[in-house]
Each structure stands twice: as structure tokens, then as C-alpha cells.
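Here are my notes on the model. Please read them alongside the sequence and the coordinates.

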Amino acid sequence: RGLENGVHYDAAMLVLDHQLLPRLSLGVAAGASWFSNDNRRDLLRTRWTFTLDEDRGWYAYAKTRHYRNSNPYRPEYFSPERFNEASLGLLWRTALNDNLVLSANVDRGRQSIDGRGHSAWSAGLFLSSPRRAAVQWKVGFETSQDHASSLRASEDGYRYTSFVAQVRIPF
């Protein structure tokens, strides 16, 4: 409904990616989105990654996501007053050759929508460039089931599968 009603938004984010310890890293994104229908969404996301076995490509991670809408329950998109999510996952990554990496991930967790809890999960399979590449790319498939993708928090979880394509060009 948001597209039909011409709803758009502007967003600003501050992103930090830091190696805390030799086997532990932290990624943080904090910011806000300003929607054209008078809603502001403040957002905080974290991802903690722990190296289990670097030689074999095994990593464990914990993800969190928190946001608050200033003008909640908009009919055009999912917008509860408060949303919180936490999940634990495993990632496996291996180099197929000098220019191609295969990775797979799976995670499971909980979402809290205005204080009401729901289970959620996701999984993905990707091909990508190595991390040392000047221009990084990633393509693959991701599937998940969560409640944040539903138009209303009262609906059952929404399951979707997506084709993902990303390109990162340094500047």
C-alpha cells in the first residue's frame, strides 16, 4: 500500500565495523528513517561475530535489531510502536578459487512486537568475491520467516525467499 499511496522515506545511518578481539568482531548501525507520512523510525542494529574455526570457515554470530516508530500502526507498511529482535546463527564460508567464495548461513531467534513474542528464522546461500577484492560483490538466495514482514503484527509469520545481489564500491 505504501507504493500505491506514494509513501517514501529518507534515511541516515552511522555504521561501525570493529575487530574487538582476534576472534570477535562487532558491527553496529544506528540511525533514523523519516517517512513522508509523518513517521520517524529510530533504528539500532548489531551483529557480533565469533570465529569458531577460521581454517574451515566456521563462524557463530548474534544479531539484534531494535526500532521505534513515532507515528505507529500506519496502514501503508509494518510499523508497530516498538520492535525488537535477537537471533543466533552459524555461518560457513569457503574459497572455491582465488576469485570466488561460497557461503551459507542459518539463524533462529525471537521477535518482540509491542511486547508480544514470536519466533523467527532465516537461511541463505551465496557466491561472492573474496574480502580482499577492491570491488566486492555478492549474489545468492535468502529465505526467512518472521513477523516484521507482515503488514499487521497480528498476522501469522510471513515467509519469503529473495534473490540477493550486492556490489560494494569503495570511495
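1. Start with Leu 43. Setting aside neighbours within four places in sequence, Leu 43 contacts Met 13, Ala 29, Ala 30, Gly 31, Arg 65, His 66 and Tyr 67. Keep in mind that this is a predicted model.

2. Leu 43 also belongs to the largest nonpolar core. That core has 5 residues: Leu 43, Tyr 67, Phe 78, Phe 83 and Ile 113.

3. Strand 1 pairs with strand 2 (residues 24-35) over 12 bridges, in the antiparallel sense. Within this pairing, Gln 19 has Ser 25 in strand 2 as its bridge partner.

4. The whole structure holds 6 salt bridges. One of them joins Asp 107 and Lys 63, with the closest N and O atoms 3.2 Å apart. This pair links distant parts of the chain: Asp 107 lies in strand 6 (residues 100-113) and Lys 63 in strand 4 (residues 58-69), 44 residues apart. Asp 107 is buried at 6% relative accessible area, whereas Lys 63 is partly exposed at 27%.

5. Glu 85 and Arg 65 meet in a salt bridge at 2.9 Å, N to O. Glu 85 is in strand 5 (residues 82-97), Arg 65 in strand 4, 20 residues apart. Glu 85 is buried at 18%; Arg 65 is buried at 16%.

6. The Arg 40 to Asp 42 bridge is 2.6 Å, N to O. Arg 40 is partly exposed, at 37% relative accessible area.

Terms used. Residues numbered from 1 in each chain as written. Predicted model: local features only at pLDDT ≥ 70, side-chain atom pairs only at ≥ 80, totals over all residues. Heavy atoms only, no water. Pairing = 2+ DSSP bridges. Helix = DSSP H or I, 4+ residues; strand = E, 2+ residues; numbered from the N terminus. Core = buried A, V, L, I, M, F, W, Y, C linked by side-chain atoms within 4.5 Å. Buried < 20%, exposed > 50% of the residue type's maximum accessible area, 1.4 Å probe, protein only. Contact = heavy atoms within 4.5 Å. Salt bridge = Lys/Arg side-chain N within 4 Å of Asp/Glu carboxyl O.
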